[in-house]
Amino acid sequence: MMNLVELFGEHPGWYFVAATLTPLLSFVLILLASAMWCAGRAYRATPAGAAIFNLFGGEERGRIPAFVATGAIALAFVFSLIGFIRFTAQQSTFETQINQLQTKLHQLQTQKKTATEKWTHELEEEIEAEEAKLENKEKMWTSARSYAWQGNFDWLRIRPAGIRDADNGTVLQLGFKIDSLSALMFVMVTFIATLIHVFSIGYMSEELQPEVEDHQVHTAHGHLVRRGRFGRFFMFLSLFCFSMLNLVLADNLFQVFLSWELVGICSYLLIGFYTERQSASNAANKAFITNRIGDAGFILGLLILWTNLGTFNFDEIFQRVRAPLSDTHGSVDVAGRIVRGNVDPNNTTKAGQRFTPDEDGSQVLLFPHRPPEHYHAIVSRVSDNPKPDQHSAMPYWLLVAAGLGIFLGCVGKSAQFPLQVWLPDAMEGPTPVSALIHAATMVAAGVYLVGRCYPLFTYDALVVIAYTGGITLFVAATIAVVMTDIKKVLAYSTVSQLGYMMLALGVGGWVAGLFHLMTHAFFKALLFLCSGSVIYGCHHEQDMLKMGGLFPKMKITALSMLAGVLAIAGIPLFTGWYSKDAILAQALGFIYVHPQHLFLFLLPLVTAGITAFYMARMWLMTFTGKPRDEHVYEHAHESPWTMTAPLIILAVCSVCVAWGWPIYDAEASWLEHNVHHAQHHAVLADFGHVDFTESKDHGEYWVVAKKQAQNERLYAFHNHHLAGNLALGLVAISLAFAGLIYWKRVLDPAEAKEQFPSLHAFLMDKWRFDRLYSVILVRPALVVGHWLAWFDLHVIDGLIHLLSWLTVLASKWDGIFDNAIVDGLVNLVGNVMYDAGARLRNVQTGYLRSYVLFLVLAAAGIFMVLAYFVRMAMAG
Amino acid sequence: MIFAVGLDHFLLLGALLFVCGAVCMATKRNAIGILMGVELVLNAATINFVAFARYNPVFQVEGQIFALFVIVLAAAEAAIALAIVLNFYNNHMTVDVDTAEELKG
């Protein structure tokens with residue numbers, strides 16, 4: 001135990017590893033216990049079997065799996081929290097010191113400008129000394145981070161054993177790397193997961209019974225009755241938590257991919273938890289298959305990166321793709337950018353091929369993976385077969401393709417257009433699963449990965465990301481307006497909010513997007529759990545048309561949900577306000593610079609209003625007005641404390657988790673500042689208005705990145721209030737509108753439906769995406785399947801039948817050959833022998849005298865022959 | 001000059017006796033007759049042995065001993081053969097060996 005404490009003391013990054021492994025341990029424990037239970041159950045007639053069976057729960061198994069899983073995830077939360085606090089403390093210490101040095105340096109430089117010549121020399125010396133100090137400090141922070149907060153080990157070696165050659169891409173590693181983002185993600189995921197585990201203990205209590213009746217499955221003997229699956233549910237939850245944490249922990253893309261697939265399979269298992277329901281198993285399949293499409297892109301991206309960069313490690317990839325901040329000769333003009341150019345294969349020397357920088361070049365400059373002591377960041381020669389300390393080049397389109405491939409994976413996981421169809425169907429799973437997986441964490445993995453891989457994306461890829469997000473958020477929000485299933489509304493709102501995040505990442509709002517990811521996780525988990533509480537209270541009724549007026553019956557749920565609704569609508573001082581405004585501000589800043597992308601601002605702005613409208617609609621339809629279904633209303637009740645306690649905690653978080661000082665300042669959010677620490681310098685390098693400063697070496701293409709970055713920050717800052725106020729105005733109007741329709745009943749929603757029947761049908765039909773896919777994908781696939789079946793049945797089977805017919809024919813011929821020739825020969829030999837015997841038997845007369853005669857004649861013959869030889873011998 | 005009896009004469013007598021015995025065996029259908037033929041053949045051999053013992057110093061003892069053995073053998077053979085013949089007679093009520101054709105191929 002002491003060793004463990006010492007380990008954590010020196011390598012605090014291991015806190016996060018421990019937090020990741022705890023849920024895995026819980027999964028393994030529950031799995032083993034269930035295996036023992038099953039084994040015992042099979043032999044429960046014997047005393048030993050019965051003992052094992054009873055030891056592991058017997059017929060009525062208790063809540064132990066839930067306690068194990070909840071304990072594990074709570075422990076993981078504690079680990080993450082300690083790790084997060086230590087990380088933040090260390091980081092802020094260093095940053096304060098660095099900031100002080102920078103301020104001092106700045107002062108000295110200002111002094112130098114105004115000083116007389118006499119002083120200049122002395123000042124310069126002082127500046128140099130301060131610069132050295134600053135550099136030293138920055139180096140210390142970097143090394144502290146790499147020493148204490150990251151680590152890895154070789155997992156698979158693809159070369160012959162003994163050769164460790166990571167440069168040729170022969171080693172797959174497992175590792176961890178902690179920065180502010182992953183530390184925050186850890187705390188967020190474990191915290192929400194803990195609450196959802198607690199909530200599930202109440203929500204899933206029906207599954208504790210040895211026999212559960214599933215009212216939605218009809219068999220010949222009435223409803224289906226099956227064994228309860230309480231333990232299984234928590235086992236899957238544990239596995240899911242492990243996968244998600246491992247995904248956040250990973251320091252390389254391959255490990256991310258592993259967790260990615262694990263998360264996918266957990267999602268599949270949990271969506272299909274009520275596996276007997278046709279709809280649930282269909283939804284599980286749909287989710288899994290849709291994600292496979294995305295993962296195909298992911299794998300392509302991985303292959304491209306592996307082939308061209310020879311590594312999966314994030315840091316190494318970024319180091320190769322993005323220009324370094326400085327080299328031996330000071331800061332680099334294109335710091336943090338992707339450098340394009342042309343390679344001339346005809347102009348080759350020993351040092352490599354000629355590389356000419358060009359803004360529209362077909363190649364991308366790859367920087368050395370282990371830079372030598374003295375080197376130029378921008379070179380004129382690239383190597384064909386580079387050593388770790390040499391530059392090389394790769395085709396630009398391949399880098400775009402790699403980025404888009406990985407983004408396609410994220411599109412699948414985060415349910416973005418055009419792969420958004422699976423998420424609403426995934427609501428077939430139990431509600432805590434919807435909250436945990438399909439709102440707070442798993443779908444966040446896609447956004448998280450886009451954020452993580454940001455330096456990999458070229459400008460073209462980013463535009464695609466932004467438009468994907470833009471389309472998704474609008475489409476999903478419009479569908480959410482007409483949905484009447486309470487969980488479906490939330491599902492579409494999730495898709496829409498994920499669209500916001502993607503859009504933000506695409507327009508350079510790296511911080512804004514990931515900030516929104518954090519805040520959204522809290523309020524969306526809250527909203528889902530509230531809907532779960534409502535559904536539980538109404539005895540598994542999900543249709544809002546049968547609810548109404550539930551407020552007096554379930555006050556805690558209603559008030560918590562209201563907090564979530566206000567947060568997602570973006571009411572000031574609620575978490576959503578900070579993050580959504582940041583996204584809008586970034587989008588506004590982006591369209592200032594690129595006016596042709598106007599829609600990237602208009603879509604999220606309008607959608608902010610729509611979001612407020614449909615969320616208010618949902619809350620009002622559920623909790624206010626007259627009860628629309630007496631039966632549901634009469635039986636409605638508030639949920640037990642294990643379910644309401646997480647709601648209250650999450651509600652508090654949804655209100656104040658993003659606060660900073662002063663609270664009313666949208667720029668001062670504590671959470672946002674923490675996310676900001678993790679921002680890769682590439683983000684700043686990419687998004688700024690282009691300042692064509694005259695450059696020393698390479699003409700006017702090379703621009704000063706640091707300057708741009710400041711400009712961009714300035715834009716976003718100025719825009720923040722404008723964008724925020726615009727959105728707030730729209731939100732207010734929408735809320736008022738929703739209130740008029742669904743609360744005051746000034747307008748009847750049914751009339752609106754009748755007024756625009758085609759629009760309503762179109763939205764109810766989810767923009768006809770399912771039909772579209774059915775027509776262009778599913779049916780063609782079925783048709784192709786039928787063709788293939790026909791082909792199999794007729795051509796392949798025909799060939800096989802032909803073959804067997806030929807075989808039968810050949811064996812017939814063979815039979816004839818065997819009978820006639822082989823057997824004939826054998827018979828012939830036999831017959832000859834028989835005939836010979838029949839003839840020779842006549843010699844055996846049985847008469848003694850004839851034998852004597854033969855004997856005598858033979859003796860005489862022998863005698864004569866001998867006599868002849870003797871005579872010959874005598875004569876010779 | 002007195003006609004000197006030599007080895008050749010004895011060998012000639014032996015051969016004559018042998019041929020007589022062989023012809024007797026080959027022609028007689030009576031089992032007793034065949035037995036007599038066998039005796040003739042054996043005695044022809046005995047004459048040869050004795051003659052060699054008399055005229056060849058190397059075989060002086062061996063020839064005598066062989067002759068004695070052959071006489072003993074002939075006695076034993078006659079006893080056994082007569083027993084066979086008796087049995088044969090009991091089975092077939094005749095001593096005609098042509099009736100013994102059960103082993104005919």
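Me: How are strand 3 and strand 4 of chain A paired, parallel or antiparallel, and over how many bridges?

Reply: Strands of a sheet pair through backbone hydrogen bonds, and the pairing is either parallel or antiparallel. In this predicted model, strand 3 (residues 212-219) and strand 4 (residues 222-226) of chain A pair in the antiparallel sense, over 5 bridges. One such bridge links A:D214 with A:L224 in strand 4 of chain A. The two strands form a hairpin, with 2 residues between them.

Me: In what order do the strands of the open sheet in chain A lie?

Reply: The order of strands within a sheet is read from which strand pairs with which. This open sheet has 5 strands in the order 10-8-7-9-11 of chain A, with antiparallel pairing. Strand 10 (381-382) and strand 11 (392-395) of chain A are the edge strands, each pairing on one side only. Within the sheet, strand 7 (residues 340-349) and strand 8 (residues 352-357) of chain A run antiparallel and are joined by 6 bridges. Among the bridge partners are A:G341 and A:P357, the latter in strand 8 of chain A.

Me: Which helix packs on the sheet, and which strands does the helix touch?

Reply: Helix 11 (residues 396-413) of chain A packs on the sheet. This helix touches strand 7, strand 9 (363-366) and strand 11 of chain A, and its direction makes about 70° with that of strand 11 of chain A.

Me: How many residues of helix 13 of chain A are buried?

Reply: The count can be applied to each residue of a helix in turn. In helix 13 (residues 431-440) of chain A, 10 of the 10 residues are buried, so this helix is largely enclosed by the rest of the structure. Among the buried residues of helix 13 of chain A are A:T431, A:V433, A:L436 and A:H438.

Me: How are helix 8 and helix 9 of chain A oriented relative to each other, and which classes of residue are in their contact?

Reply: Orientation is judged from the angle between the two axes. The axes of helix 8 (residues 253-271) and helix 9 (residues 278-309) of chain A come within 9 Å and cross at roughly 170°. Angles over 145 degrees count as roughly antiparallel, and these two helices of chain A are therefore roughly antiparallel to each other. Residues of helix 8 of chain A including A:L253, A:F257 and A:Y268 meet residues of helix 9 of chain A including A:A280, A:F288 and A:L305. By class, the contact has 12 nonpolar, 3 polar and no charged residues.

Me: How far apart are A:V675 and A:S180 in sequence and in space?

Reply: Separation along the chain and separation in space are two matters. A:V675 and A:S180 are 495 residues apart in sequence and 6.0 Å apart in space, C-alpha to C-alpha. A:V675 is found in helix 23 (residues 670-677) of chain A. With 27 C-beta neighbours inside 10 Å, A:V675 counts as buried. Leaving aside residues up to four places away in sequence, A:V675 touches A:S180, A:L181, A:L184, A:V511, A:L514 and A:F515.

Me: How many residues of chain B are in contact with chain A?

Reply: An interface can be described by the residues on each side. Here 11 residues of chain B are in contact with 10 residues of chain A. Helix 1 of chain B supplies the largest share of the chain B side, 4 residues. That side divides into 6 nonpolar, 2 polar and 3 charged residues.

Me: What confidence scores accompany chain B and the model?

Reply: Where pLDDT is low, the predicted coordinates should not be read in detail. Chain B averages a pLDDT of 88, and 96% of its residues score at least 70. The model scores ipTM 0.80 and pTM 0.75.

Technical notes
Residues numbered from 1 in each chain as written. Chains lettered and ligands numbered in written order. Predicted model: local features only at pLDDT ≥ 70, side-chain atom pairs only at ≥ 80, totals over all residues. Pairing = 2+ DSSP bridges. Contact = placed C-beta atoms within 7 Å. Axes fitted to C-alpha atoms, helices over the stretch in contact; angles between N-to-C directions. pLDDT = per-residue confidence, 0-100. Nonpolar A, V, L, I, M, F, W, Y, C, P; charged D, E, K, R; others polar. Parallel < 35°, antiparallel > 145°, perpendicular 65-115°, else oblique. Buried ≥ 20, exposed ≤ 12 C-beta atoms within 10 Å, placed from the backbone.
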